[in-house]
Amino acid sequence: GMMRGIREAGDGRPFSIQLGARKSLSTDNPYWAPRVDWNFVYTYYPTYKAVLDAHRRQPPIPAVLGEANYEGENNQPETPPTTDETLRRQVLWSLTSGAAGEFVGSDDWEFHDGWERRLSTRALTQIGRLRRLFSTLAWWQLVPDTGNQLVTAGRGTELTTDEPMDVLENDYVTAARTPDGRLAVVYLPTQRTISVDPSAMAAGARAAWIDPTSGASRPVPMSATFTTPGRNAGGDHDWLLVLRS
């Protein structure tokens, strides 16, 4: 009734709904599934799993990471604390798994004393840089590399169930590529070597490592294998690999 009233009043903006923790999609509910315009992805687990679940839904609608672990909070006290790396992983796993966008939360939703000073924390500064990076890419054309056409080996362990797991307890490499092969983005959460099929990219592809903590770019030769370049500026081992023609 409320939604009918909103629509009858002339408001046609895209609508979605947030369902329950610890993992849900708007389309999990059979009543709301045909009524939502985009899938609100809610997960405290490694975010790529829920985003890919939403991306695969038929008929397709946009998926947005609506809520995951908040900065300064951990809703699973039995798991590792939420860190800057946790927050980066949530964002980058989502944006390389078909998400049309993502939200980041903070424990300051409760307006703790000093909240104004925490609007530009280290993690939020990093995520701001990553959003600006993706704004320069044809992100809306990226298709998740679920068939291993681009990244053929070294991806780690993909979650295929919704078993409870902290974001820092999984190491899967996510990747997305445009159908014309002119752009690909690969997120490597831990140190490793991956194999890539250069024929999945358009001719003349160039490669660069992006430090997700500083935004710095390191051009490297196009290759069939890529090895993460050690610790990033934040002292962790996660990196973005961007391939462009």
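**Entry 1. Salt bridges**

I began with Arg56, which forms a salt bridge with Asp53, the closest N and O atoms being 3.9 Å apart. I took a salt bridge to be a side-chain nitrogen of Lys or Arg within 4 Å of a carboxyl oxygen of Asp or Glu. The model is a predicted one, in which local features need pLDDT of at least 70 and side-chain atom pairs count only at pLDDT 80 or more, while totals for chains, interfaces and linings use all residues. Residues are numbered from 1 along each chain as its sequence is written, and side-chain values use heavy atoms, with hydrogens and water left out.

For burial I used relative accessible area: buried is under 20%, exposed is over 50%, and partly exposed is in between (1.4 Å probe, protein chains only). Arg56 is partly exposed at 44%, and Asp53 is partly exposed at 21%. I then found that Asp53 and Arg56 belong to a network of salt bridges that also links Lys23, Lys49 and Asp162.

I looked next at Asp108 and Arg118, whose side chains meet in a salt bridge of 2.7 Å, N to O. Both residues lie in the loop between H3 and H4, so the pair ties together parts that are ten residues apart in sequence. Asp108 is buried, with a relative accessible area of 13%, whereas Arg118 is partly exposed at 31%.

A further salt bridge joins the side chains of Asp171 and Arg192 (3.9 Å, N to O). Asp171 lies in the loop between E5 and E6, and Arg192 in the loop between strand E7 (183–188) and E8, so this pair ties together parts that are 21 residues apart in sequence. I noted Asp171 as partly exposed at 26% and Arg192 as buried at 11%. The count comes to 16 salt bridges by this rule.

**Entry 2. Helix H2**

I turned to H2, which spans residues 47–55. Helices (H or I, at least four residues) and strands (E, at least two) are DSSP runs, numbered from the N terminus. Seven of the nine residues of H2 are buried, and the helix is thus recorded as mostly covered. The buried residues are Thr47, Tyr48, Lys49, Ala50, Val51, Leu52 and Ala54. Lys49, one of these buried residues, is also part of the salt-bridge network with Asp53 and Arg56. I listed what covers the buried residues of H2, including E1, strand E2 (39–43), E3, H3, E4 and strand E6 (174–177). Contact here means heavy atoms within 4.5 Å.

**Entry 3. The three-stranded sheet**

I traced an open sheet of three strands in the order E5-E8-E11, with antiparallel pairing. Two strands pair if DSSP finds at least two bridges between them. Strand E5 (151–153) and strand E11 (225–227) are the edge strands, each pairing on one side only. The twist averages 40° from one strand to the next; axes are lines fitted to C-alpha atoms, and angles run from 0 to 180 degrees between N-to-C directions. Strand E8 (residues 193–196) pairs with E11 in the antiparallel sense over three bridges.

**Entry 4. Backbone geometry**

Most residues other than glycine have a negative phi, and most peptide bonds are trans. A cis peptide bond joins Ala21 and Arg22, with omega about 5°, and Arg22 sits in the loop between helix H1 (2–8) and strand E1 (23–25). The peptide bond from Gln58 to Pro59 is also cis, with omega near -10°; Pro59 is in the loop between H2 and strand E3 (63–67).

Phe111 has a positive phi, near 55°, and lies in the loop between helix H3 (84–95) and helix H4 (122–135). I recorded Phe111 as exposed, with a relative accessible area of 54%. Asn148 has a positive phi near 60°, in the loop between strand E4 (143–144) and E5. Asn148 counts as partly exposed at 35%.

**Entry 5. The whole chain**

The secondary structure comes to four helices and twelve strands. Of the 245 residues, 49% count as buried. The C-alpha trace spans about 60 × 45 × 35 Å along its principal axes. Among contacts between residues at least 6 apart in sequence, 63% join residues at least 24 apart.
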